[in-house]
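Let's take a friendly walk through this structure, one region at a time. Have the sequence and the 3D view ready.

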Amino acid sequence: MDTRTTALLIPLALTLVLVLLFVSDDVCSEPRIHAFDPYGEAIAVSNPGSSAVDLNGSYLTDGEGTWAFTRSLRIPAGEALGFSLDPDCTSFGGSIRIVTVGEEGVVKGKGSLILGNTGDDLYLMKDGKIIDAVCYGEKRIEDKTVWIGPTVENKRGYYAIRVGGDTNAAEDWVIRRPGVTEIGFDPDRRYDAEVMPFLFPDSGGVPVYRALESSEKSVLVSLYILSSRNVYALLCDLEDRGVEVTLLLEAAPLGVDLVPYVPLMKSLEDHGGEVFLIGGTDVDRFPYMHAKYAIIDGYKTVLTTENWTEDNMNGNARPCTYGDDKGNRGWGAVVESTGYAEFMERVFRNDSCLAYGDVKRFSEEYPNARASGNLGYQPPTDSYGKMYSTTVVPFLSPDGSFRAETYYMDRAVERLYSEQQSIGSSYRDADEGTPLWNMKQAVTRGVDTRLVLEATSAGTYAYSLCASTGIKAASMMYPYVHNKGLVCDDVAIVASVNWTDNSFSCNREFGIAIESAEVSDFFAEAFIQDHRRHYLYEGFEVEISEFSPVYKVGEEAVVSVDVTVTGDYSYEWDLGDGRTRTTTIPRMSFWTTEGDHSLSVKVTDGDGNSRTASAGYSVLRPQIVEFDLGIPAEALISLIVAVAGVALMLAFHFRRPLER
């Protein structure tokens, strides 16, 4: 190619590149209806394309009214945008931003677009053409170029969301309950923060009291159980100072009667506080509101693994004695971060919303309650804790707590510590898909992997884990282990999440990953103290069984070994005659060889720990049987010789005629 040709091709190539860039920026797939909430009166539109799409010039309609997009409103690739007439709309679990009709160029047209509770048909239109459509409930679209087959299911208290492609059929859609958030775990959802870590029972709840005392504007509290009289007294004092206090409590905590605490709730309500109870209805979004947190003045958050009970919140800061301590073993954190607090408040507002039917005002549930008398706040005299600059990542159930915890566990290279109140039956075998599986994998990577369990629920289970997985597991009786915390290298996790199906997948739970070496060291030091005090595993014992001390030459011998702890082991057998065997089961057989031998078996667990058992045995040839006839040996020999002589003479005599 000559220079002239090259000079002509260069401008052409540049032009082609510019055209491609222009096309890739502006050409995209058409938008489509992504979700609709008949009871929340909201519709969402998504962009399935690879570049942004502009809704300008299009509109939504149900054939009776329209919401029109009158100016540029772009939806980024792969995202969705919701629309509603209600400025306080909370549809779609908080996972989709809602634009109020009347704002951002979204205009209410003629007629009234109201989603029918029993059924409706919805259309996304542009220039008089249908871009996308969906029908649900009793209302069917008959045009088969737009819709095929049955309508989308419609159920009171649920919304519909597209999870499939665009086949113009109900199979593209599923229904979900409004108010159940879908805020999946995102390790990049990170907030700068100042964090104070603390322990129960050591802190006596002092950091919680100090954080609440500092409030000037608002306190939002969500707890599974709040039974501390002193905390109620402080919340009443805050209301008297002009602080707006809102309390969200589980209405039916397992095994706990709320009646003794009704007067305390009534006192707070009488002082001006708002008290809400969630659960105990036939439309519950969560089996339990198991979270334990407070949001203070929109920038400070307290997150604990512990309920705020009398013992946990005793106000007495002192080192744990492992004896007469008041309170459980648990962890907590005070987090100063406006971004994190705003995240928490959005979820709190969603969870405490009355629109979903599972939240009721205290006064409605207990209209005849009487306030508690003599409520006087007793401030603690101690101080406790130190702040550290760090970053934090939130997560919650049922949205993504399992993924969050295993995400950090899988990245541990030096230490992985966990202190857990309970492990559900479906998680105890350490199979894939359980947190114990992730811990077991950490063992194989050479990570220092340790676990502390609550003693009464652990039993011999901790000992079995040691033998079968290599996890250094211990069980602790006092103080009672109510913790759900982890240390994964330099990330500390404080959470309300037990390792159970309900906690991961159903309950409302909160957790926070604190990305700080100092905070992780703080919790790790406390964990190691608990672990070293209660780690009793000294390995396993082995004993040879199904074994005989004497065999015959050439006989097949079968030998077994008993191991005191069930687990996965390897077995190295030494037969004592120069032969060896290796098996993966505690039983083997071999053909015997003559002589006196010493058999041994070396049993090794998955962590490289070994025990050896030995036993001696003899292998003999069959012997001639001797009888005692009561005759002296000399006489017996003479008799045998005489009999032999007579036999020879007779043989000679009868043989002679044959020779003639």
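Helices here are DSSP runs of H or I with at least four residues, strands are E runs of at least two, and both are numbered from the N terminus.

A word on the source: this is a predicted model, where local features need pLDDT of at least 70 and side-chain atom pairs count only at pLDDT 80 or more, while totals for chains, interfaces and linings use all residues. Residues are numbered from 1 along each chain as its sequence is written, and side-chain values use heavy atoms, leaving out hydrogens and water.

Next, find Glu405 in helix H7 (residues 401–410). Glu405 counts as buried because its relative accessibility is 1%. Beyond its neighbours within four places in sequence, Glu405 has contacts (heavy atoms within 4.5 Å) including Phe395, Leu486, Trp499 and Phe504. Val497 is another contact of Glu405; the two are 92 residues apart along the chain, with 9.7 Å between their C-alpha atoms.

Finally, look at the open sheet of 3 strands, ordered E29-E31-E34 with antiparallel pairing. Its edge strands, E29 (542–545) and E34 (587–591), each pair on one side only. Pairing requires at least two DSSP bridges between two strands; E31 (residues 556–563) and E34 have 5, in the antiparallel sense. Ser560 sits opposite Arg587 of E34.

Conventions: Buried < 20%, exposed > 50% of the residue type's maximum accessible area, 1.4 Å probe, protein only.
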